[in-house]
Amino acid sequence: MTTDIKAALRALHIETPSWAYGNSGTRFKVFAQRGVPRDPYEKLADAAQVHAHTGVAPTVALHIPWDKVADYGHLAAHARELGVGIGAINSNVFQDDAYMLGSVTNPDPAVRRKALAHLLECVDIMDATGSDTLKLWFSDGTNYPGQDDIRARQDRLAEALSAVYARLGEGQRFLLEYKLFEPAFYTTDVPDWGTAYAHCLRLGPKAQVVVDTGHHAPGVNIEFIVAFLLREGKLGGFDFNSRFYADDDLMVGAADPFQLFRIMYEVVRGGGLAAGVAFMLDQCHNIEPKIPGQIRSVMNVQEATAKALLVDRDALAAAQTGGDVLAANAVLMDAYNTDVRPLLAELREETGLAPDPMAAYAKSGYFEKIAAERVGGTQAGWGA
Ligand code: LRH
Ligand code: MN
């Protein structure tokens with residue numbers, strides 16, 4: 001049992017987002033922090049620290065144009081030298097003035113062509129970096145009833161998605177991300193898993209859904225969505241974070257570790273650990289130090305996964321089949337209430353890592369080094 005669990009945990013692959021290493025905030029304030037990267041190369045160097053201390057964060061998601069460089073092949077080679085790889089390429093059709101009334105759903109065909117051109121450019125960047133995943137999130141929506149035709153916008157969205165789908169090469173896929181609201185406050189054109197799923201189903205196997213854990217209405221049972229999409233072969237990945245209210249983008253597992261456990265249990269139960277599901281973090285460390293924030297987040301996913309792997313499936317199945325509600329619930333709670341930190345510390349030591357990645361990073365002196373070196377220039381953030 002433990003050997004298999006350890007093998008599954010060793011194979012866990014958590015992707016960190018380049019933008020988590022830059023400055024981030026809210027409309028009220030973006031707080032600058034010392035040592036923040038000034039370019040994608042420095043972001044990769046910080047991401048490599050997270051992998052060096054956890055052993056399970058070998059790829060980094062890029063966001064275009066935040067991570068725009070002259071030579072993407074050179075950036076990918078630099079990543080390899082650092083011991084990491086380029087993961088999902090994230091498109092950005094939410095920060096250009098042209099997109100005020102939408103990007104691919106905009107009433108103006110010229111704006112739609114501009115947005116589609118960016119999405120296709122992102123596939124070119126996948127080719128140049130060796131990435132096999134394009135992540136599509138559309139801020140598109142409306143703020144007032146009547147502002148635009150809900151059905152016509154779906155037609156425009158479907159047209160753009162078909163064009164991107166047709167451009168995908170061998171072994172490439174796109175993940176369509178949904179979000180209930182924000183920045184639009186009346187309709188959002190991809191507001192929920194059903195809309196994303198329907199578009200992906202119509203397109204084909206290279207189109208899957210990404211579940212951002214901060215993108216649901218309060219009270220939505222996310223693990224049900226996970227179980228359903230896995231069963232359909234349409235769960236492409238996660239944008240992990242946590243929230244108390246809306247799209248807070250806090251550290252995954254920080255606000256609701258039990259929810260993360262329930263989600264990872266459905267992943268384990270549905271064979272999602274070996275189904276090409278991308279476990280990506282999508283977070284903003286507005287007030288906490290960035291690299292330790294990512295290390296803690298990776299550890300939170302590891303702990304939730306270890307607990308999910310500890311569920312006694314036979315006892316659970318017996319209780320479920322026997323209709324023994326309390327026994328079935330107890331099986332899951334036993335796993336959740338198990339302290340898996342000693343198991344993970346042991347696993348790290350067995351793979352030559354320090355048992356406590358947070359302590360190891362703090363002792364490494366890396367922060368002091370980058371804080372001293374990274375003076376001047378423009379710190380990275382959510383601006384191009
Ligand atoms: C939108 C989102 C999307 C990203 C952005 C950084 O809220 O979750 O995944 O492009 O955050
Ligand atoms: Mn996201």
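A crossing of two helices is termed right-handed if the near helix is turned clockwise from the far one by less than a right angle. In this predicted model, the crossing of helices H4 and H5 is right-handed. Helix H4, spanning residues 109–129, packs against helix H5, spanning residues 150–167, at an angle of about 25°, and the two axes lie 10 Å apart. The pair is therefore roughly parallel, because angles under 35 degrees are placed in that class. On the H4 side the contact is formed by Arg112, Leu116, Leu119, Leu120, Val123, Asp124 and Asp127, which meet Arg156, Ala160, Ala163, Val164 and Arg167 of H5. Sorted by class, this contact comprises seven nonpolar and five charged residues, with no polar ones.

The largest nonpolar core contains 96 residues, of which Phe138, Phe174, Leu176, Phe238 and Phe240 touch the most other members. Helix H9, residues 290–309, makes the greatest contribution to this core, supplying nine residues. When neighbours within four places in sequence are set aside, Phe174 is in contact with Leu134, Leu136, Leu161, Val164, Tyr165, Leu168, Leu203, Lys206, Ala207 and Gln208. Val164, listed among these contacts of Phe174, is also one of the H5 residues that meet H4. Another core, of eight residues, lies apart from the largest one and includes Trp19, Ala61, Trp66 and Ala88.

Val220 is located in the loop between strand E8 (207–212) and helix H7 (222–231). This valine counts as partly exposed, because its relative accessibility is 33%, a value in the class between buried, under 20%, and exposed, over 50%. With residues up to four places away in sequence not counted, Val220 touches Ile225 and Gln259.

Technical notes: Residues numbered from 1 in each chain as written. Chains lettered and ligands numbered in written order. Predicted model: local features only at pLDDT ≥ 70, side-chain atom pairs only at ≥ 80, totals over all residues. Heavy atoms only, no water. Axes fitted to C-alpha atoms, helices over the stretch in contact; angles between N-to-C directions. Helix = DSSP H or I, 4+ residues; strand = E, 2+ residues; numbered from the N terminus. Parallel < 35°, antiparallel > 145°, perpendicular 65-115°, else oblique. Contact = heavy atoms within 4.5 Å. Nonpolar A, V, L, I, M, F, W, Y, C, P; charged D, E, K, R; others polar. Core = buried A, V, L, I, M, F, W, Y, C linked by side-chain atoms within 4.5 Å. Buried < 20%, exposed > 50% of the residue type's maximum accessible area, 1.4 Å probe, protein only.
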